[in-house]
Amino acid sequence: MPAAPVPRHIAVVMDGNGRWAQKRFLPRVAGHKQGVEAVRTLIRGVSERGVEVLTVFAFSSENWQRPAEEVSFLMDLFLRALREEVQKLHSNGVRFRVVGDVSALGVETRSLISEAEALTASNTRLCLNVAVNYGGRWDIEQAIVKATADGDPMAFAHWLSFAGQPDPDLFIRTGGERRISNFMLWQLAYTELFFADTLWPDFDESELASALAWFAGRERRFGRTSEQIRDPATSPA
Ligand code: IPE
Ligand code: IPE
Ligand code: MG
């Protein structure tokens, strides 16, 4: 039997941290803290399987509307992760990138992001994109602004944050909601969408294995017929 196809790019909406904590009578932020563990497990799992790109949604353009204490906890958690995890990512061959409007982030956070991106720029095992203050609409708008300034608005796709990377093959959203929540609007056009009721901090190796097994069973047609996919000779050149 041929090996099951592995997605080149997996994009993840890590949802359900607050509910994970509330179920345990803990403050919501305890769920965010535990969620970091699940990210570590995910990075290990996808690296082992040869996935090229992993994008995780850490903070959306809309998440600023949360209570101020939760927003500042999330920003501190990200800062701490930058301080503590980057060396490890680097030694594991991970290229680290942040996608999103970083201009709204703190000075120290921005400088650690730049350092981490520079340090890991030539790593090739896995590219990890962390989406922070990211929104799919923001990305399209900023790309149009840059493309217009460059004199060719129609070429805006070259200015999107994910330009040069393959589009996601597999989208995973935990936490039970069946929505995109302004994630990667342009890039998800033909992505297989996997929704799990599991809350993000509980998303472990076996949950990843289930998502990948589900993905392996999809027939990706990109507008063609099933017959064309099974017998490429029947397709027009
Ligand atoms: C996702 O978990 C993490 C972020 C949005 C930062 P939530 O915090 O949205 O958790 P729920 O959906 O309230 O359970
Ligand atoms: C999406 O989760 C954003 C992140 C996981 C960072 P939300 O919890 O913010 O999404 P909505 O508000 O339920 O759509
Ligand atoms: Mg949520």
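A polar contact here is a pair of N or O atoms within 3.5 Å; within protein, one must be able to donate a hydrogen and the other to accept it, and residues adjacent in sequence count only if both atoms are side-chain atoms. This is a predicted model, where local features need pLDDT of at least 70, side-chain atom pairs count only at pLDDT 80 or more, and totals for chains, interfaces and linings use all residues. Residues are numbered from 1 along each chain as its sequence is written, ligands are numbered from 1 in the order in which they are written, and side-chain values use heavy atoms, leaving out hydrogens and water.

**View 1. Who touches ligand 1?** Asp15 puts a polar side-chain atom 2.8 Å from an oxygen atom of ligand 1. For Arg19 that distance is 2.7 Å, and for Arg28 it's 2.9 Å. On its own, ligand 1 exposes 380 Å² (Shrake-Rupley method, 1.4 Å probe), and the protein buries 87% of that. In total, 13 residues surround the ligand (a heavy atom within 4 Å), with Gly18 and Arg66 also among the closest.

**View 2. β1 beside β2.** Five bridges join β1 (residues 9-13) to β2 (residues 53-60). Look for Val12, which stands opposite Val56 in β2.

Key
Pairing = 2+ DSSP bridges. Helix = DSSP H or I, 4+ residues; strand = E, 2+ residues; numbered from the N terminus.
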